[in-house]
Amino acid sequence: MGVWQLVASNMLELNHELSKLFNELWDADVNRFVPGKDYTIDLQEKAGFVQQSSGVARDSASEPLFRYVNEERLKSIKTFAAFVSLLDNYETSTGVAEVVTPQEMAENNRFLDAILETEVMKLTHQYLVRKNWSKPSLNDFKSQLYDIWFQLYTRETGKGPDSCGFEHVFVGETKHGKEILGLHNWVQFYLQEKHKQVDYKGYIARRKKSRPDEDDQVLSLQFSWKGLVKPVGSTFIGVSPEFEFALYTIIFLQSQEKVTREMVRLEEYELQIVVYRHGKYIGTAYPVLLSSNNEDLY
């Protein structure tokens with residue numbers, strides 16, 4: 001983290017309005033997976049320091065992070081099932097143009113329809129309408145979400161549209177075969193780990209808590225994916241896709257800044273939610289455990 005980022009993080013004040021709202025969304029998130037019941041994780045050991053763009057990291061975890069995930073629940077909950085169907089729709093290398101088929105467009109719409117039925121997204125829509133950041137019509141709100149998250153844009157100049165907010169945040173991308181971008185979602189992490197694509201290397205401890213608990217639902221992790229190492233990746237664990245969509249959309253819409261950081265208290269966690277803009281679209285978005293020394297290397 002650069003000096004100016006450190007200063008910016010330390011100067012942030014707790015946003016009470018968003019903390020209250022995000023806790024309401026947390027309570028409304030009935031689709032969330034419960035630690036110890038719907039999934040179990042094995043944190044193992046603390047990860048070592050790794051430079052960004054390095055392909056090598058000491059493996060402090062010989063076993064996978066996820067010991068068990070209730071896949072029946074993943075398949076039977078509408079929003080999770082629709083979300084999982086989107087994960088294989090992307091070419092993960094930046095600079096390689098994406099082609100969106102009519103079937104994929106239908107899957108994007110099916111996913112948005114599913115999340116818009118949830119209490120989490122209903123509360124989110126009501127809040128955004130009150131703020132005049134979204135229109136009252138559900139169709140208008142759906143179009144707005146589609147543009148923000150699924151509209152393709154170019155990350156590498158001259159290469160054609162090769163990315164979108166959804167792909168970056170939830171699927172993950174690689175840049176020049178040297179760096180992992182995004183991949184901040186626990187379901188994608190679990191599925192990639194199951195297919196031996198992700199190798200969990202260990203956890204990153206927080207300053208005030210030397211070791212996370214197995215039931216912590218926000219973690220900082222180190223892992224490798226497609227032969228590349230992500231030194232620090234922060235992620236929610238167990239939350240529904242609609243919960244993450246809600247948080248990041250709200251923060252994206254409240255500001256025109258290239259980078260927006262909001263400090264919130266969510267349950268027991270003091271977090272910074274960080275959202276980067278790519279013009280009119282989401283560039284990246286992720287949580288940072290504030291009591292951790294490392295900001296996520298997006």
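This is a predicted model: local features need pLDDT of at least 70, side-chain atom pairs count only at pLDDT 80 or more; totals for chains, interfaces and linings use all residues.
Residues are numbered from 1 along each chain as its sequence is written, and side-chain values use heavy atoms, with hydrogens and water left out.

The protein has 10 helices and 10 strands; helices (H or I, at least four residues) and strands (E, at least two) are DSSP runs numbered from the N terminus. Of its 298 residues, 59% count as buried, where buried means under 20% relative accessible area, exposed over 50% and partly exposed in between, with a 1.4 Å probe and protein chains only. A contact is defined by heavy atoms within 4.5 Å. Among contacts between residues at least 6 apart in sequence, 66% join residues at least 24 apart.

Confidence is given by pLDDT, the predictor's confidence in each residue, from 0 to 100. The protein averages a pLDDT of 80, and 73% of the residues score at least 70. Among the elements, helix H1 (residues 3–11) has the lowest mean pLDDT, 46, whereas helix H6 (residues 119–130) has the highest, 98. Over residues 1–9 the pLDDT stays under 50, and the model has nine contacts beyond four places in sequence for them. Residues 292–298 also have a pLDDT below 50, with 37 contacts in the model beyond near neighbours in sequence.

Helix H2 (residues 16–28) has 13 residues, which should span 18 Å at 1.5 Å a residue; its end C-alpha atoms are 18 Å apart, in agreement. The expected span is 1.5 Å times one less than the number of residues. At the start of H2, a side-chain oxygen of asparagine 15 reaches to within 3.2 Å of the backbone nitrogen of glutamate 17. The buried residues of H2 include Leu18, Leu21, Phe22, Leu25 and Trp26. Their cover includes H6, helix H10 (241–253), strand E8 (259–266) and strand E9 (269–278).

Phe22 also belongs to the largest nonpolar core, where Phe22, Phe66, Trp149, Phe166 and Phe236 touch the most other members among 73 residues. H10 gives the most to this core, with nine residues. Such a core is a set of buried Ala, Val, Leu, Ile, Met, Phe, Trp, Tyr and Cys residues joined through side-chain atoms within 4.5 Å. Beyond four places in sequence, the contacts of tryptophan 149 include Phe166, Phe170, Phe245, Tyr248 and Ile282.

Two loop residues may be set side by side. Serine 240 lies in the loop between strand E7 (228–236) and H10, and counts as buried because its relative accessibility is 0%. Its C-alpha atom is separated by 5.0 Å from that of arginine 32, 208 residues apart along the chain. Beyond four places in sequence, serine 240 is in contact with Asp29, Asn31, Arg32 and Phe80. Glutamate 117, in the loop between helix H5 (102–116) and H6, is partly exposed, with a relative accessible area of 48%. Beyond four places in sequence, glutamate 117 is in contact with Lys78 and Lys122.

Strand E10 (residues 281–289) has nine of its nine residues buried. E9 and E10 run antiparallel and are joined by eight bridges; strands pair if DSSP finds at least two bridges between them. Glutamine 272 stands opposite valine 288 in E10. The hairpin of E9 and E10 has two residues between the strands, and glycine 279 takes a positive phi near 65° there.

Terms used. A polar contact is a pair of N or O atoms within 3.5 Å; within protein, one must be able to donate a hydrogen and the other to accept it, and residues adjacent in sequence count only if both atoms are side-chain atoms.
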